[in-house]
Amino acid sequence: MTQTAARRRLDLSRQLARTATLSRFALRRDRVLVPVWVAVTALIVLSMPSTLEGLYGTASQRAALLHQVAVNASYRSLIGPLHGTSIGALTAWRVGVYAAGLAAVTSLLVVVRHTRDEEESGRQELIASGAVGRRAALTSALLAAAVADAALTALVTAGLAARGAAGALALGLGLGAVGLVFATTAAVVAQLTESARLARGLTGAVLGAAFVLRAAGDSAADDGSSVLTWLSPLGWLENLRPYAGERWWVLGLFAAAVALQACAAYVLAGRRDLGMSFLPTRPGPATGRLGTAGALAWRLQRGALLGWSAGFLLAGVVFGGLTGGVAGLVGENAGAREIIRRMGGRSGLTDAFLASMTSMLGMLAALYVVASVLRLHGEETSGRAEPLLAAPLGRLRWAAGHLTVAFAGSALLMLLAGLGLSLGHGGRPAALIGACLVQLPAVWVVGALAVLLHGLVPRAAPAAWAVAVAFLLIGWVGPALDAPRAVLGLSPFGRLPKLPGAPMEWPPVLVLTALAVLLTAAGLAGLRRRDLTGS
């Protein structure tokens with residue numbers, strides 16, 4: 001028995017050989033991106049208490065808000081149920097789900113980057129040729145994600161401790177636990193899929209499904225007791241109830257999910273060859289409908305576009321349905337009204353709310369256009385672009401296919417968002433579709449910046465994500481923090497007319513459109529002249 005145990009320990013040691021070295025390497029590679037994501041997420045959470053104190057400074061105001069959330073199913077589906085009236089409880093309610101979503105995105109990106117990305121690029125094969133354990137790469141990726149989640153937990157707990165140590169610890173642990181759940185989800189998906197892009201997409205789809213389940217459950221019950229809410233890790237965070245009689249046992253659900261998914265990932269990792277997967281990519285035809293660069297770009301990106309389209313249509317319906325209760329939800333709270341008007345312009349409250357929602361949808365569409373444009377970067381760094389360009393296919397034609405999907409796809413997203421707003425609001429289709437479409441010049445500027453970075457400085461192309469997220473934070477957090485107009489104006493979305501309530505202003509729309517054209521042209525000129533570096 002002793003010899004068997006010794007053999008098992010020796011085998012485990014071999015399986016995890018050089019894990020510490022790979023972990024240090026992973027943390028070094030992520031030394032900029034991960035700290036920025038963690039700091040931004042923590043800042044969103046920690047900046048909220050002071051804002052909420054200004055909005056709901058009295059017990060009567062907080063009690064009124066609690067009642068309004070309880071009777072407004074649409075608002076609960078968007079943010080979640082409110083379980084208490086303290087500032088800490090309001091903070092957990094207002095930003096908990098979205099901060100958890102950011103933690104999940106950070107974790108899944110880290111895990112996929114250090115597992116499937118490494119295999120797809122061929123670097124993992126070189127590393128595995130040395131004295132590196134079979135499961136060392138997976139372990140180092142999970143440890144890197146765990147470090148990021150632990151840092152977020154520590155920052156949130158320390159920053160909110162003055163509001164109540166128990167509630168701060170519960171919220172911090174909940175956010176970190178959500179991140180770990182999706183880190184292990186990404187670890188499992190990375191074993192099943194053959195490409196990093198598909199691994200990120202499928203894990204993101206799981207995150208989207210978790211949000212939809214939570215939203216559906218919260219709209220059905222005002223206390224988070226719906227079965228649908230309990231099926232979602234985001235719903236577990238709500239039912240942990242930070243600052244509202246913490247339910248510490250809910251952390252056991254997170255622990256069980258992390259343990260089960262991690263075990264599944266390790267088992268799968270031990271049963272496949274390097275570079276292979278359990279769901280291999282289905283080979284497709286090379287002729288017929290794929291006879292042009294544009295057709296190939298559409299085939300590669302159509303799944304993502306269809307998923308985003310469904311999400312924007314649904315989001316439009318949800319946001320449109322909120323307009324009927326916005327006046328009752330805000331009530332006579334002058335601070336809340338002022339924030340909505342800073343986001344949506346100084347028109348009627350309903351139109352200001354609609355304008356703020358169309359602006360938010362535009363910022364989300366900017367994330368799509370960045371992801372779509374950076375598909376060019378992925379095709380180049382993976383080596384798939386080189387065989388295409390070795391044929392009689394110019395770089396501009398190759399890029400044009402992907403850019404058409406990116407820019408035209410963003411227009412489709414905003415069109416569907418406007419249609420959804422009209423359906424949810426119950427009318428005004430022309431005004432609401434127009435309000436959504438007017439966001440496109442700002443969306444295209446963000447996409448054009450991604451084209452510029454890829455064309456001139458390909459190594460810095462992923463920085464386009466930071467630009468898009470920065471604009472999102474300016475538009476989302478800036479009005480709540482009463483940021484100066486100069487700060488809000490740094491985002492192109494802050495320059496657009498606040499439709500549907502404000503009058504149409506063509507000069508900023510035309511200027512931003514021209515800027516997008518110029519940036520795109522400059523990026524394509526750089527792509528045409530530089531070497532195909534592969535990263």
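**A covered helix and its surroundings**

Mentor: Of the contacts in the chain between residues at least 6 apart in sequence, 75% join residues at least 24 apart; contact here means heavy atoms within 4.5 Å. This is a predicted model, in which local features need pLDDT of at least 70 and side-chain atom pairs count only at pLDDT 80 or more, while totals for chains, interfaces and linings use all residues. Residues are numbered from 1 along each chain as its sequence is written, and side-chain values use heavy atoms, with hydrogens and water left out.

The secondary structure comprises 26 helices and zero strands. These elements are DSSP runs numbered from the N terminus: helices are H or I with at least four residues, and strands are E with at least two. Of the 535 residues in the chain, 50% count as buried, that is, under 20% relative accessible area, against over 50% for exposed and in between for partly exposed (1.4 Å probe, protein chains only). The chain has an accessible surface of about 23,200 Å², with 66% of it belonging to carbon and sulfur atoms; such areas come from the Shrake-Rupley method with a 1.4 Å probe, and for residues only the protein chains shown count as cover.

Consider next the two ends. At the start of helix 14, a side-chain oxygen of serine 232 lies within 3.1 Å of the backbone nitrogen of leucine 234. A polar contact is a pair of N or O atoms within 3.5 Å; within protein, one must be able to donate a hydrogen and the other to accept it, and residues adjacent in sequence count only if both atoms are side-chain atoms. Just after helix 14, arginine 241 takes a positive phi of about 55 degrees, although arginine 241 is not a glycine. Most residues other than glycine have a negative phi. Arginine 241 belongs to the loop between helix 14 and helix 15 and is buried, with a relative accessible area of 17%. Tyrosine 243 is found in that loop as well; its phi is near 65 degrees, again positive in a residue other than glycine, and its relative accessible area of 14% makes it buried.

Two of the covering helices also meet each other. The axes of helix 7 and helix 11 come within 7 Å and cross at roughly 35 degrees; axes are lines fitted to C-alpha atoms, for helices over the stretch in contact, with angles running from 0 to 180 degrees between N-to-C directions. Among the residues that meet are Ala92, Gly96 and Ala99 of helix 7, and Leu171, Leu175 and Val178 of helix 11. The residues of this contact divide into 16 nonpolar, three polar and no charged, where Ala, Val, Leu, Ile, Met, Phe, Trp, Tyr, Cys and Pro count as nonpolar, Asp, Glu, Lys and Arg as charged, and the others, Gly among them, as polar.
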